[in-house]
Amino acid sequence: MTHVLIRNVVSRFSSLLSSGPSRPQGISAIVRTRDSELWLEPCLSSVEPFVEEILIVDNGSKDGTLKIAESFRQQFSEKIRFFSVPALDLTAQSEFAFHHTKYHWVLKWDSDFVAHTCGALSLAHLRAFLLGLNDRMHYYVQLPMVELSPDLYHQLRALPIRRDGFALTYSPRLHFVWNSHTLTHEQLPGYYHAFQKRKVIELRTGVEAPKIPLNYRVIAWDKTCFFHLNIKSPEQRLLRHFNQQWLEEKQTISLRDYVKKRLNEDFGGESFAAASRRLMQAYAQDLIDFEPEKFGGYPDLLKKFLKT
């Protein structure tokens, strides 16, 4: 509470000294990609009407991602910019994208986000809210999202809604950092324990995130205007399972080689295919059916992907 109060006082005082934003009003969406062909088309289609620009920042895609990105760039040439940064890690990729935006507001928009484009949960309401805030102040707005995993019909029991989305105003003082943290045995999800072949007491992991200056006011937006599609093939989910540890350990080998190394060291040389199947079996124990009516239904752009 004290920290929130200090932020509110500092942000208000800073606004009195501010001459206004250094950038034009509007929203820049950052879309980081790497082998993101599965959901990139509805991702871009759902956000495009509500932002002034989209930065697609690719980290070495080898699937159809670049073809989809180029198709959108040709269709919206004045709005979409594309950058290839295969050598950057996740934190540096976010930093690069953030500081190449042009507008006052920056929206983190991952390549597996799909928004509502009409109705009470339309992304238009978030746009109106952001552009209606005092433009002499800096803001970090926390955004909730509906989480679907591992398909369009299920969710993790412990994570029906994620709250790590965000939009924030631009400042050259803001930077992205890698935040390390330790998860205890009790904090790890049930499927993690079911997958492991030996007991894990704690897990050192981390996540990239913006380091918010003190003059930013933090606001929590309450509408779930978009979905996070945590939908991957069994092999992709196995890679994802080890991804944050790979990043945390700052490995110089590829993620795939790191997973092979871990399978040899901790899983008795288990094959990729066998480990992928076993992880999905463990994952299934933590799933519940998705009930669309509880979350305002599916976004329109997802309906064509549903089974009839």
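Is Lys 304 buried or exposed? Lys 304 comes out as exposed, at 60% relative accessibility. Keep in mind that we're looking at a predicted model here. Across the whole structure, a search turns up 16 salt bridges and 19 aromatic pairs. Here's a quick tour of some of them.

**Salt bridges**

- Lys 304 pairs up with Glu 41: their side chains form a salt bridge, 3.5 Å from N to O. Glu 41 belongs to helix α2 (residues 40–47) and Lys 304 to the segment after β13 (287–289), so this contact ties together parts 263 residues apart in sequence.
- On the Glu 41 side, the relative accessible area is 28%, so that residue is partly exposed.
- Glu 147 and Arg 162 make another salt bridge, with 3.8 Å between the closest N and O atoms.
- As for accessibility, Glu 147 is buried at a relative accessible area of 1%, whereas Arg 162 is partly exposed at 22%.
- Then there's Glu 270 with Arg 278, whose closest N and O atoms sit 2.9 Å apart in a salt bridge. Both Glu 270 and Arg 278 are buried.
- Some charges go beyond simple pairs: a network of salt bridges links Arg 32, Lys 108, Asp 110 and Glu 208.

**Aromatic pairs**

- Among the 19 aromatic pairs is Phe 72 with Phe 76, where the ring centres are 6.2 Å apart and the planes meet at 25°, so the pair counts as stacked.
- Phe 72 is buried, at 8% relative accessibility, while Phe 76 is partly exposed with a relative accessible area of 21%.
- Tyr 191 and Tyr 283 have ring centres 4.8 Å apart and planes at 65°, so this pair is edge-to-face. Tyr 191 comes from helix α6 (residues 190–195) and Tyr 283 from helix α9 (residues 272–284), so the pair ties together parts 92 residues apart in sequence.
- Tyr 191 and Tyr 283 are both buried.
- Rings also gather in a cluster, with ring pairs linking Phe 98, Tyr 140, Phe 166, Tyr 170 and Phe 176.

**Charges over rings**

- Tyr 283 turns up again here: the charged end of Arg 237 sits over its ring, 4.5 Å from the centre.
- Tyr 170, one of the rings in the cluster, has Arg 23 lying over its face, at 3.4 Å from the ring centre.

Definitions and conventions:
Residues numbered from 1 in each chain as written. Predicted model: local features only at pLDDT ≥ 70, side-chain atom pairs only at ≥ 80, totals over all residues. Heavy atoms only, no water. Salt bridge = Lys/Arg side-chain N within 4 Å of Asp/Glu carboxyl O. Helix = DSSP H or I, 4+ residues; strand = E, 2+ residues; numbered from the N terminus. Buried < 20%, exposed > 50% of the residue type's maximum accessible area, 1.4 Å probe, protein only. Phe/Tyr/Trp six-rings, centres within 6.5 Å; stacked < 30°, edge-to-face > 60°. Lys NZ or Arg CZ within 6 Å of the ring centre and 35° of its normal.
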